[in-house]
Amino acid sequence: MSENGKMTDVAMPQLAESLVSATIGKWLKKPGDPVEQYEPICEVITDKVNAEIPSTMDGFMGEILAEEGRTVAVGDIICRISSVGGTAPETTVQAQSEPAHGGQNPATGDSMRSRFSPAVQSLAAEHGIDLSQVVGTGMGGRITRKDVLSYIEQGGAAKQGAVASVSTSQSTSTASPFTGMVTPPQTEPSPPLGTAIPNVRHSGLHLTESPKIPTIEIEGVGVGRSEYFVDVTPIRNTIARNMRQSVTEIPHAWTMIEVDVTNLVLIRNKLKDEFKRNEGVNLTYLAFLLKAVVNAIKDYPIMNSFWAVDKIVVKRDINLSLAVGTEDSVMTPVIKRADQKNIAGLAREIDELARKTREGKLTLDDLQGGTFTVNNTGSFGSILSYPIINYPQAAILTFESIVKRPVVINDMIAVRSMANICLSLDHRILDGVICGRFLQRVKDNLEGFTLDTKLY
C-alpha cells in the first residue's frame, strides 16, 4: 500500500510465488463502510484456491477500482482506504458518474444482460429476486451486486415477494433455472391414504442436507436457444490444465486388488460413537485407509516419488493429498507428514481439511507439497475407478465402496464386507511387480486391523 494524501492504495498482493494475477470474486465492503486492520475487504479467485484480501489499516472503504469478475495483475491497485483520522469518503461523485438505476447505459447496450456473477446470483437467491426485473448498469447492461442492493433498498424484493405468493397459489409451475427467476421449491404431494409405498433400493448413502447446486455464470441465454454457455472459472481451468498435462506426459497404467474389511467395519462401528464424543469429529474409514497406505509407503518408498527427466526424486516426507469434491470442482488439500500421525490424528486432519474445502477457506499452503494422493470414491457408491494421477506424483489410490458379498473361506461360503482398491501408476517410475506388492501390503494392513487396534 502507498499513501496518497489521506487515502491509501490497496494493491493485489503476491498470494503465491507462481501466481501473477487473481480475479475479484466478491467485495465484502462497499465505499463508506468502516474497516478494521486485518478485516477481509474482498474475496479473490486464483488458479489454485479462493482467498480473502485483508485490510492493513483501520479506516473507511474508499473507491473500488476493480469490479467483481475482473482479473487483476499482482501489484495493480484494486481499491483505496481512507485513514482512520480522516472522514468517510464521498461516494456521490461516483454515483453521479454512473448511469441512473432506472436507465440503461446507451453506450454498452445489453449484450451482457443475461450474465450473472456468483455474487449476484447468491444475493438474488437470498432475497428472492427475479433478476429479469433488475436494471443492470454494468458493462453491456450486466447486473452488478450494487444494482441488486439498490433494487432491494427501493423495495423491489418486497414487491416481488407479494407477487410470488399470489403466483404460487395460482400455479405450481417452475420457471427455467437459466432465466434468473428464483422461485420457492415445490413440495411433492403426499400419496393418498391407503396407498402402498414401494420399497425402493438405494445405495446406502444418506445426505444430511440437500445437495448444493453449483454457482455458475450463464452466457447467451435466450428464448428459443438450443444451447447455453458456462464460463470457465479459474479453478476449473486449472483442473483442466493439470489433467491434460497428467494424461499427456504420464504413461498411465492401473491395477486393482480386493480387500476383506470385515474387521475394519467392526472396529469402526465399535469406536465411532465414543470417538465422536471425545474428539468432536467423525471416525471414518478413510483414516484407517490413510494409516494403511502410509505404512505401505514406508515399506515401498519409491511410491512416494516423481519423475525429473534424468532422475527419479524420492521424497522423504509422506504428504498425503486428499481428493475432496465440492459442488463444481475437486480440490486436493494435503496432510503434511502423515507418517508421523496416528489414526486419531489422521481423522482430525481429514475433518479439518474437508470442512475448509466445503467452506472455501483452504489456503495455498493447504494445497502444496503433496507426494501421494488418496481418493475415497466409495463415498459415492463407486465400486471401480480409473483415477488420473495428480501431476507430478507417481501414483494415486482410490478406495471403493464397502459391499457385503459372499466369499469362499476354507471351502465354505461366508458373507463378508469387501472393498476394491484401485491404483493408477506412472509407468516411467513404477512397474507391475512393485505396485502389486505395494497394494498387497495395503491389503494386509487393512485386513490386520482388529478390535484391539489403538487409535492413539
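1. Start with Ser-424. Beyond its neighbours within four places in sequence, Ser-424 is in contact with Ala-253, Trp-254, Tyr-386, Pro-387, Ile-389, Ala-394, Ala-395 and Ile-396. The model is predicted. Ser-424 belongs to strand 22, residues 412–426. Its relative accessible area is 0%, so Ser-424 is buried.

2. The structure has 4 aromatic pairs. Trp-254 and Tyr-386 form one of them, tilted, with 6.0 Å centre to centre and 35 degrees between the planes. Trp-254 sits in strand 12 (residues 252–260). Tyr-386 sits in the loop between strand 19 (372–375) and strand 20 (395–399). The pair therefore ties together parts that are 132 residues apart in sequence.

3. How exposed are the two partners, Trp-254 and Tyr-386? Trp-254 has a relative accessible area of 42%, so it is partly exposed. Tyr-386 is partly exposed too, at 47% relative accessibility.

4. A second tilted pair joins Phe-275 and Tyr-456. The ring centres are 6.4 Å apart and the planes are at 35 degrees. Phe-275 lies in helix 6, residues 262–279. Tyr-456 lies in the segment after helix 9 (432–447). This pair links distant parts of the chain, 181 residues apart.

5. Tyr-456 is exposed, with 54%.

6. Arg-268 lies over the face of Tyr-285, at 4.7 Å from the ring centre.

7. Next, the cysteines. How many disulfides does a search of the whole structure find? The search finds 0. The closest cysteine sulfur to that of Cys-42 is in Cys-79, 6.7 Å away. Cys-79 is in no disulfide either, and its nearest cysteine sulfur is that of Cys-42.

8. Are these two cysteines buried or exposed? Cys-42 counts as buried, at 0% relative accessibility. Cys-79 is buried as well, with a relative accessible area of 0%.

Notes: Residues are numbered from 1 along each chain as its sequence is written. This is a predicted model: local features need pLDDT of at least 70, side-chain atom pairs count only at pLDDT 80 or more; totals for chains, interfaces and linings use all residues. Side-chain values use heavy atoms; hydrogens and water are left out. Rings of Phe, Tyr and Trp (its six-membered ring) pair if their centres lie within 6.5 Å; planes under 30 degrees apart count as stacked, over 60 as edge-to-face and the rest as tilted. Helices (H or I, at least four residues) and strands (E, at least two) are DSSP runs, numbered from the N terminus. Buried means under 20% relative accessible area, exposed over 50%, partly exposed in between (1.4 Å probe, protein chains only). A charge sits over a ring if NZ of Lys or CZ of Arg is within 6 Å of the ring centre and within 35 degrees of the ring normal. Contact means heavy atoms within 4.5 Å. A disulfide is a pair of cysteine sulfur atoms within 2.5 Å.
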